[in-house]
Amino acid sequence: MEPSDTENKEELVRRSVDTLMGDLPLPVQKFLKSPERDAISVRLSQKYNLHIDQAGAFEASYLFMLLGISTPEEFVVSLREAGISPEKVNGLVEDVNKDVFMRLREEERRGSDTGSKDSVPATIA
């Protein structure tokens with residue numbers, strides 16, 4: 001039995017993510033593999049009362065930014081395009097900066113990343 005198109009696409013996405021992750025700083029790789037990544041996404045989606053489609057857009061944009069696929073500016077634009085209010089977008093940006101990027105940058109500074117490739121992305125403007 002041959003794999004379905006969905007299975008082929010899922011395998012392609014998995015391999016693409018694995019390739020992207022290999023180019024990321026070690027603290028980001030560890031964070032992406034940890035359950036904390038999803039826990040933060042769920043917590044912030046609940047905190048800002050995001051509708052299911054908005055929560056999905058937030059989670060995807062958050063993941064793409066962590067993987068280096070999109071920029072912080074694109075993250076903000078995608079949240080606005082998902083219909084998330086400016087106040088909630090500002091809150092999400094602030095919380096992602098505080099809960100994720102500032103912490104990852106601190107881990108990198110402490111030297112937890114031996115043989116670092118690139119630095120952890122700057123905070124979202």
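Modeller: A helix here is a DSSP run of H or I with at least four residues, and helices are numbered from the N terminus. The model is predicted.

Colleague: What makes Asn49 count as exposed?

Modeller: Its relative accessibility is 60%. The cut-off for exposed is over 50%, so Asn49 is exposed.

Colleague: What is the phi of Asn49?

Modeller: The value is near 50°, which is positive, and Asn49 is a residue other than glycine. A positive phi, near 85°, is also found at Gly83, which follows H5.

Colleague: Why is Asp99 called buried?

Modeller: Asp99, in helix H6 (residues 86-109), has a relative accessible area of 16%. Buried means under 20%, so Asp99 is buried.

Colleague: What does Asp99 touch, leaving out residues up to four places away in sequence?

Modeller: Asp99 touches Ile40, Arg43 and Leu44.

Colleague: How do you know that the side chains of Asp99 and Arg43 are joined by a polar contact?

Modeller: The value is 2.4 Å. A polar contact needs a pair of N or O atoms within 3.5 Å, one able to donate a hydrogen and the other to accept it, so the pair formed by Asp99 and Arg43 qualifies.

Colleague: Which residues of helix H5 (residues 72-81) are buried?

Modeller: Phe75, Val76, Ser78 and Leu79 are buried in H5.

Colleague: How do you know that the buried residues of H5 line one face of the helix?

Modeller: Seen down the axis of H5, they fall within an arc of 165°, so they line one face. On the other side of H5, Arg80 and Glu81 are exposed. As a rule, an α-helix has 3.6 residues a turn, so residues three or four places apart point the same way.

Colleague: What covers the buried residues of H5?

Modeller: The cover includes helix H4 (52-67) and H6.

Colleague: At what angle do helix H2 (residues 26-33) and H6 pack?

Modeller: The angle is about 135°, and the axes are 9 Å apart.

Colleague: Is the crossing of H2 past H6 left-handed or right-handed?

Modeller: H2 passes H6 in a right-handed crossing.

Terms used. Residues are numbered from 1 along each chain as its sequence is written. This is a predicted model: local features need pLDDT of at least 70, side-chain atom pairs count only at pLDDT 80 or more; totals for chains, interfaces and linings use all residues. Side-chain values use heavy atoms; hydrogens and water are left out. Helices (H or I, at least four residues) and strands (E, at least two) are DSSP runs, numbered from the N terminus. Buried means under 20% relative accessible area, exposed over 50%, partly exposed in between (1.4 Å probe, protein chains only). Contact means heavy atoms within 4.5 Å. The arc is that of the directions from the helix axis to the C-beta atoms. Axes are lines fitted to C-alpha atoms, for helices over the stretch in contact, and angles run from 0 to 180 degrees between N-to-C directions. A crossing is left-handed if the near helix is turned anticlockwise from the far one by less than a right angle, and right-handed if clockwise.
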